[in-house]
Protein chains: 2
Amino acid sequence: MLTERQKRILWAICEDYIESAEPVGSRSVSKKDDVGFSAATVRNEMADLEEMGFLEQPHTSAGRIPSQQGYRFYVDHLLTPQIWGDEEIHAIHNLFQKDTTHIEQAIEHTSELLSQLTNYTSVVIGPKLQDHRLRHLQMIPLTEHSAVLIIVTDLGHVNQQRVLLPEGMSISVMERLVNLLNKRLQGISLSKLRLVVERDLADELTRYVAEYGSMVFLLDQMLAPQPESRIYTSGTTKMLDQPEFRDLHKMKSLLDLLDGKNQSIIQLLNSSPSSGVQVKIGNEISIEGANHISFIIASFSLDSESIGAIGVLGPTRMEYAKVIGLMDVISKDISKRLTEFYEK
Amino acid sequence: MLTERQKRILWAICEDYIESAEPVGSRSVSKKDDVGFSAATVRNEMADLEEMGFLEQPHTSAGRIPSQQGYRFYVDHLLTPQIWGDEEIHAIHNLFQKDTTHIEQAIEHTSELLSQLTNYTSVVIGPKLQDHRLRHLQMIPLTEHSAVLIIVTDLGHVNQQRVLLPEGMSISVMERLVNLLNKRLQGISLSKLRLVVERDLADELTRYVAEYGSMVFLLDQMLAPQPESRIYTSGTTKMLDQPEFRDLHKMKSLLDLLDGKNQSIIQLLNSSPSSGVQVKIGNEISIEGANHISFIIASFSLDSESIGAIGVLGPTRMEYAKVIGLMDVISKDISKRLTEFYEK
DNA sequence: TTTAGCACTCAACCAACTAGAGTGCTAACG
DNA sequence: CGTTAGCACTCTAGTTGGTTGAGTGCTAAA
């Protein structure tokens, strides 16, 4: 275990390095207000801390920087989360008041706000459509051979699907089909619709349509898997401001991570614990080339069931105290607003 | 006007510089197959071309590179667009066959394809929802005080709107209201809905709902302006591969341009001519800091009315011949597929 | 009019040197 | 015995000066 003095020194080094991005020397540590010891003493302790793996030295005659393990200890035991003022809290509240018709927009704005307040890149993942339950199917004919099928979920989300009728099937047949499905599939989660139809309704359906092939063709279109929940990123370019990413090569692999469609970020977000703020440092993120990156995650929930997550991406040398404090406030606040929103 | 020899030299310099990104010296020009003159002759002509503003010199003892005017001349008079092979054309065709239910997806895939084939960043803007015409309104009650209003347009596009009922208004009143609007607003473009209601239907509406304030509150929600047409970008990070953007500062302003939400890109895309491929070079793009950038645009159409545009963004030292050829093929092909798609 | 030759320019590269920040160790101090 | 001052040592970053080579512009010859 670390002595009280070692903790204080580690803390000082972390804070200093996070601010300056330069290796911290013994002199500057000893000059800090909270540290009363001479540079020489600090040097001894620093050598010990390095031996224990909390610090590292870029080269012999440079100062020390926190190692991944050092950050871990700092985050877990040393930092005090920043308390955010009313102004920011107010900005969060506004997100949901301004734009109550589309949650997607509120989520997008959350992402922007997060990035603005922290000056890091933010990532937000919205409710997984697949987990919503079916509330209502609605068909709207377009031409003789095509229609739009609208799927409304229990949370008021709407998804459309353009459907082409198979050869020889009339709109009225499809209408009856939709009516039947409407009665039978209420409350089933979208991801299971197709399954349930096949298991429980196959027989019944054949009574409606003579040709089974056409039916399958139609159902496949109607109940096609919903698109993955979208992720919203904001402030991607803020990464470029961080001195550790001056290296173009690193930068590129990082941007590729964020350039939409990338599964690994989604997985990370989904893996966030249902309550509290989680900090992943360096290779704790199990993604190739994610050294020097930290990822702070918190999930938000509806009726105490986790339905999405917010994340902030930055260098390992990240202002943890600031971001953790903010994420805590935001995630809780969003959950509250979301619940209110759906109760109306 | 330029002599035939000068044209050939300018052409050679452009091609060489586009490929190598290094200033081109007189020797390498004279060694090109199509140029039979000695280095000394070329030097004289180069000096002339520089005087006329077609070339510039990074410093005294370096080769020449094309100026913006030089590129302009090259694009307008010297290059021959690349003819693309069956393979690529085939890939384009597939876009619409694979995924006929969502045009949005086809558009997104177009963007990806464009970026993959060119190795530059691509931007695509989809149909402007505001210009669609109303086909059908459909209301789906959620709770006693809220409902989802679904707007189906003539092109089969669907937009949802969550609506909160004003205090004291019942669902059935809203249902009647929707029925009325359905009858009266058919064929009106979405952007004009609100206007038409106010102008032509105000009187009639007051018969349905006693309190005018509630009505306005409701209509505002129902007919809220549709979100701007989304832009799809792909291959953003490809910019990092271009040696001219090694400078982080330039890089950042460029990425900021692309980082969604940016109006200037949308405006540029919308300004593309209804037919043909347009090339904007350097400060012809009237955006701050867009020197060293070129933007190639083409629009696609439905029933010969332009409804969207595709664009490729790259350094001024861009493979114009390749990209122009491709854009020409793609834009025409998409228009064709789109028309076919909506005829079904 | 075209080309060969030549002196000149300038960025890029390399090596040597310097300055400065920081360390580790040792010896003295309270 | 823990703490501190002093000092020699190390290593990077920045500077200087010299060299190289690509490329130019000019002039004179073909």
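**Sheet architecture and chain pairing in a predicted two-chain model**

In chain A, A:Lys280 stands opposite A:Phe295 in strand E9(A). The model is predicted: local features require pLDDT of at least 70 and side-chain atom pairs count only at pLDDT 80 or more, whereas totals for chains, interfaces and linings use all residues. Residues are numbered from 1 along each chain as its sequence is written, and chains are lettered from A and ligands numbered from 1 in the order in which they are written.

Strand E8(A) and strand E9 (residues 293–302) of chain A are paired in the antiparallel sense over five bridges; two strands are taken to pair if DSSP finds at least two bridges between them. Both strands belong to an open sheet of five strands, ordered E7-E3-E10-E9-E8 (chain A), with antiparallel pairing. Strand E7 (231–234) and strand E8 (277–281) of chain A each have a single partner strand and stand at the edges, so one side of each lacks a neighbour in the sheet. From one strand to the next, the twist averages 20°. Axes are lines fitted to C-alpha atoms, for helices over the stretch in contact, and angles run from 0 to 180 degrees between N-to-C directions.

Two helices pack on this sheet. Helix H6 (residues 103–118) of chain A touches strand E3 (121–125), E7 and strand E10 (305–315) of chain A, and its direction makes about 30° with that of E7(A). Helix H12 (residues 320–343) of chain A touches E8, E9 and E10 of chain A, its direction making about 20° with that of E9(A). Contact between two residues requires their C-beta atoms, placed from the backbone, to lie within 7 Å.

The secondary structure of chain A comprises twelve helices and ten strands; these are DSSP runs numbered from the N terminus (helices H or I, at least four residues; strands E, at least two). The radius of gyration of chain A is 27 Å, while a compact globule of 344 residues would have a value near 20 Å. This radius is taken over C-alpha atoms, and the globule rule is 2.2 Å times the number of residues to the power 0.38. Along its principal axes, the C-alpha trace of chain A spans about 90 × 40 × 35 Å. Of the 344 residues of chain A, 40% count as buried (20 or more other C-beta atoms within 10 Å of the residue's own, with C-beta atoms placed from the backbone). Among contacts in chain A with a separation of 6 or more, 59% are between residues 24 or more positions apart.

The same surface serves both copies, as 100% of the contact residues of chain A recur in chain B.

At the interface, 30 residues of chain A are in contact with 30 residues of chain B. The elements giving two or more residues to the side of chain A that touches chain B are strand E4 (134–141), strand E5 (146–153), strand E6 (158–164) and helix H10 (248–258) of chain A. That side of chain A has twelve nonpolar, twelve polar and six charged residues. In this classification, Ala, Val, Leu, Ile, Met, Phe, Trp, Tyr, Cys and Pro count as nonpolar, Asp, Glu, Lys and Arg as charged, and the others, Gly among them, as polar.

How values were computed. Buried ≥ 20, exposed ≤ 12 C-beta atoms within 10 Å, placed from the backbone.
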